[in-house]
Amino acid sequence: MDTFTIERKLDLKNLMDGIDVMAHEFPLSDYRISIVHGKMKPVDKQFEMNHFIKCETQIMVATTVIEVGVNIPNASVMIIENAERFGLSQLHQLRGRVGRGAEQSFCILMSSHKLSHDGKIRLDTMVRTNNGFEIAETDLQLRGPGNIDGTQQSGITDLKVANLVTDQELLIQVRKCVEGIFEKDPQLALPENQILHHSLKSKGQGLSWDKIS
């Protein structure tokens with residue numbers, strides 16, 4: 001049973017401190033440890049990962065560099081330190097690194113006893129469900145959807161009435177309605193569309209699509 005340990009802080013000193021703790025709890029005479037962090041050269045990271053994949057090491061201590069792109073079916077236990085500092089999407093991605101093989105897998109979230117309101121909700125959500133859609137919806141509720149027509153990626157939108165989380169069905173109907181209007185009247189020249197025409201015109205030159213990634 002191979003184990004991931006994820007260090008939240010990215011500086012090398014904290015990572016090495018974590019390795020010292022693991023080496024004390026799991027003596028090197030019986031266990032070997034792989035180390036992976038973002039400051040390593042790609043060839044060195046791959047070298048350490050290959051050791052872990054081949055079961056030549058039993059424990060990997062890493063930063064979030066292993067969040068994506070790592071497929072190690074024999075890894076069945078992940079410990080995430082300072083889990084309250086991660087976002088839900090990142091926690092979900094990290095948890096996906098284990099449970100890819102036939103063995104029962106576990107993801108252990110370690111946190112401070114002092115949790116913010118949002119931090120508690122994030123950890124409770126991770127414990128409650130593995131459903132990516134449910135996790136994404138909670139993440140949206142916590143962070144906000146950001147600015148739809150700009151570069152802000154989280155926070156409150158400028159929608160006056162609708163809520164992106166609770167009004168999804170209504171927004172889909174509205175979108176279809178608007179698409180139908182523009183299909184029949186692209187320039188909004190018809191009398192029945194003049195209120196919409198003046199409203200859009202008052203907003204300026206339109207969306208800055210070049211600034212949206």
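In this predicted model, L88, S89, H92 and R95 of helix 3 are in contact with G132, I135, T138, D139 and L142 of helix 5. Sorted by class, the contact between helix 3 and helix 5 comprises 3 nonpolar, 4 polar and 2 charged residues. Helix 3 spans residues 88-95 and helix 5 spans residues 132-143; their axes come within 9 Å and cross at roughly 155 degrees. Because angles over 145 degrees count as roughly antiparallel, helix 3 is roughly antiparallel to helix 5.

Helix 5 also packs with helix 4, at an angle of about 175 degrees and with the axes 10 Å apart. This angle makes helix 4 roughly antiparallel to helix 5. On the helix 4 side, D118, I121, R122, T125, M126 and R128 take part, meeting E134, I135, T138 and L142 of helix 5. The class composition of the contact of helix 4 with helix 5 is 4 nonpolar, 2 polar and 4 charged residues. I135, T138 and L142 of helix 5 are listed in the contact with helix 3 and again in the contact with helix 4.

| Helix pair | Axis distance | Angle |
|---|---|---|
| Helix 3 and helix 5 | within 9 Å | roughly 155 degrees |
| Helix 4 and helix 5 | 10 Å | about 175 degrees |

Helix 3 also belongs to a right-handed β-α-β unit, formed together with strand 4 and strand 5. Strand 4 (residues 75-80) and strand 5 (residues 106-109) run parallel and are joined by 4 bridges. Within this pairing, M78 has C107 of strand 5 as its bridge partner.

The mean pLDDT of the protein is 79, and 77% of the residues score at least 70. Among the elements, helix 4 (residues 117-128) has the highest mean pLDDT, at 94, whereas strand 1 (residues 2-6) has the lowest, at 62. Over residues 146-156 the pLDDT is below 50, although the model gives this stretch 25 contacts beyond near neighbours in sequence. Residues 207-213 likewise stay under 50 in pLDDT, and the model has 7 contacts for them beyond four places in sequence. Where pLDDT is low, predicted coordinates should not be read in detail.

Conventions
Residues are numbered from 1 along each chain as its sequence is written. This is a predicted model: local features need pLDDT of at least 70, side-chain atom pairs count only at pLDDT 80 or more; totals for chains, interfaces and linings use all residues. Side-chain values use heavy atoms; hydrogens and water are left out. Axes are lines fitted to C-alpha atoms, for helices over the stretch in contact, and angles run from 0 to 180 degrees between N-to-C directions. Helices (H or I, at least four residues) and strands (E, at least two) are DSSP runs, numbered from the N terminus. Angles under 35 degrees count as roughly parallel, over 145 as roughly antiparallel, 65 to 115 as roughly perpendicular and the rest as oblique. Contact means heavy atoms within 4.5 Å. Ala, Val, Leu, Ile, Met, Phe, Trp, Tyr, Cys and Pro count as nonpolar, Asp, Glu, Lys and Arg as charged, and the others, Gly among them, as polar. Two strands pair if DSSP finds at least two bridges between them. A crossover is right-handed if, with the strands pointing away from the viewer, the path from the first strand over the helix to the second runs clockwise. pLDDT is the predictor's confidence in each residue, from 0 to 100.
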